Amino acid sequence: MPIYNFSAGPGVLPEPVLREVQAEFLSYKHGVSIVEMSHRSDTFATIVEQLETRLRRLMQIPDDYAVLFLQGGATLQFSMVPMNLRESGRFAYLDSGTWSKKAINDAKHFGDVIVVGSSASSNYDTIPEWPEHIQDVDYLHVTLNNTIEGTRYTTLPDTNVPLVADISSNILAEAIDVQRYGLLYAGAQKNIGPAGLTIVIIRRDLVTERDLPSYLAYSKHVDTLLNTPSTFSLYVAERVLAWVETEGGVDEMERRNEKKSKLLYDALDTSPVFHALVSGKDRSLTNIPFTSGNDATDEAFRQFAEMRGLIELGGHRSVGGLRASLYNAMPLEGVTRLIDVMHEFEQEGQDVSYKNV
């Protein structure tokens, strides 16, 4: 029985990449494992160069943007962004869910945060309205895709201040116009590779020397590896990006993700038991929270699905319910299997006994 992993992160990786990593793990190129290879060696330097080249090609990143390979996850960027972009000490944020709230709270340690839009009143089942006028701030921060709440931005009006975006859960899953942004950042563990790697794409004119501890200054990471990176994560990420290119690039990933998410949303919209938590144009392509409206029934379905090879369907601990994450490496067959299992559960009735699953 095939296993389909719907985890929101660390997320599913392409099976061909996992097999390639397995085959090369004990001996990469020169008889040593990738995890024991010096990050200063010529062999590893080639991996990093290829990773950056592939990322630039896939996302059409111009030369006037630097690409940084860091650690600390997107969470560390909640602090590094205001530390490094601080001029007036006033920062604008759009509050669209759990991760934007965390970013807001961390930014408050470094200046005054102005929340210019929030969807908290609707329990974050929509995205905030874009502010009409933004001025006298160092940047505007937005979370493009909300992994927990299942919402995303599809259009972004122009703004006269640098735009900063958390793209952790939609990087490479849909086209992103890099030149619209001053800075983009993403934890890699959803669409790119294992946990441990964080990618920052920053316009070079925003990189200035700062009186900061060395690791926390973007200027110390431009065009170099400051310290020992997460070498295994970088290696796997390069292989994943090679797979994305072979499969047709970001445009093809977006086409597939649109198809997968539409199938699941259509099934939820016609289900007698389940419903999606988000409706309309704000629906995420990659993270789909849903529920039966009853905690016991949700748990019964989670166990029912797990027994049939569908794992990690539980909702985030802060909201409960159920959630299916459909990242690039999730095949269409995984989604159709989930829909079939939903129908099977519906036919057996909502009060499925755990003994019968």
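Asparagine 123 lies in the loop between strand E4 (112–118) and strand E5. The structure is a predicted model. This briefing covers backbone features, strand pairing, nonpolar cores, helix packing and a surface patch.

- Asparagine 123 is not a glycine, yet its phi is positive, at about 60 degrees.
- Tyrosine 124 also sits in the loop between E4 and E5, and this residue too has a positive phi of about 60 degrees without being a glycine.
- Most residues other than glycine have a negative phi, and most peptide bonds are trans.
- Asparagine 123 counts as exposed because its relative accessibility is 65%, and the cut-off for exposed is over 50%.
- Tyrosine 124 has a relative accessibility of 9%, so it counts as buried; the cut-off here is under 20%.
- The peptide bond from glycine 9 to proline 10 is cis, with omega near -5 degrees.
- Proline 10 belongs to the loop that runs between strand E1 (4–5) and helix H1 (15–24).

- E8 pairs with strand E5 (residues 140–143) in the parallel sense, over 4 bridges.
- Within that pairing, leucine 163 of E8 is the bridge partner of leucine 140.
- E8 also pairs in the parallel sense with strand E9 (residues 183–187), over 3 bridges.
- Here valine 164 has leucine 183 of E9 as its bridge partner.

**Nonpolar cores**

- In soluble globular proteins, nonpolar side chains tend to be buried together.
- The largest nonpolar core in this model contains 55 residues.
- Met59, Leu144, Ile167 and Leu172 have the most contacts inside this core.
- Helix H5 (residues 231–247) supplies the largest share of this core, with 8 residues.
- Another core lies apart from it and has 29 residues, including Tyr4, Leu264, Ile288 and Met342.
- Setting aside neighbours within four places in sequence, isoleucine 167 is in contact with Met59, Leu144, Ile176, Leu184, Tyr185 and Ala186.

**Helix packing**

- Helix H4 spans residues 98–107, and its residues Thr98, Ser100, Ala103, Ile104 and Ala107 are buried.
- The buried residues of H4 pack against helix H3 (73–85), strand E3 (90–95), E4 and E5.
- An α-helix has 3.6 residues a turn, so residues three or four places apart point the same way.
- Glycine 249 is part of helix H6 (residues 249–269).
- Glycine 249 counts as buried because its relative accessibility is 9%.
- Not counting residues up to four places away in sequence, glycine 249 touches Leu58 and Val244.
- Glycine 249 and methionine 59 are 190 residues apart in sequence, and their C-alpha atoms are 9.0 Å apart in space.

**A nonpolar patch on the surface**

- Phe25, Leu26 and Val35 form a nonpolar patch on the surface.
- Together these three residues have about 300 Å² of accessible area.
- Phenylalanine 25 is located in the loop between H1 and helix H2 (42–59).
- With a relative accessibility of 34%, phenylalanine 25 counts as partly exposed.

Notes
Residues are numbered from 1 along each chain as its sequence is written. This is a predicted model: local features need pLDDT of at least 70, side-chain atom pairs count only at pLDDT 80 or more; totals for chains, interfaces and linings use all residues. Side-chain values use heavy atoms; hydrogens and water are left out. Two strands pair if DSSP finds at least two bridges between them. Helices (H or I, at least four residues) and strands (E, at least two) are DSSP runs, numbered from the N terminus. Buried means under 20% relative accessible area, exposed over 50%, partly exposed in between (1.4 Å probe, protein chains only). A nonpolar core is a set of buried Ala, Val, Leu, Ile, Met, Phe, Trp, Tyr and Cys residues joined through side-chain atoms within 4.5 Å. Contact means heavy atoms within 4.5 Å. Patches are made of residues with over 30% relative accessible area and no salt bridge: like charges are joined within 9 Å, nonpolar side chains (Val, Leu, Ile, Met, Phe, Trp, Tyr) within 5 Å. Accessible areas come from the Shrake-Rupley method with a 1.4 Å probe; for residues, only the protein chains shown count as cover. A salt bridge is a side-chain nitrogen of Lys or Arg within 4 Å of a carboxyl oxygen of Asp or Glu.
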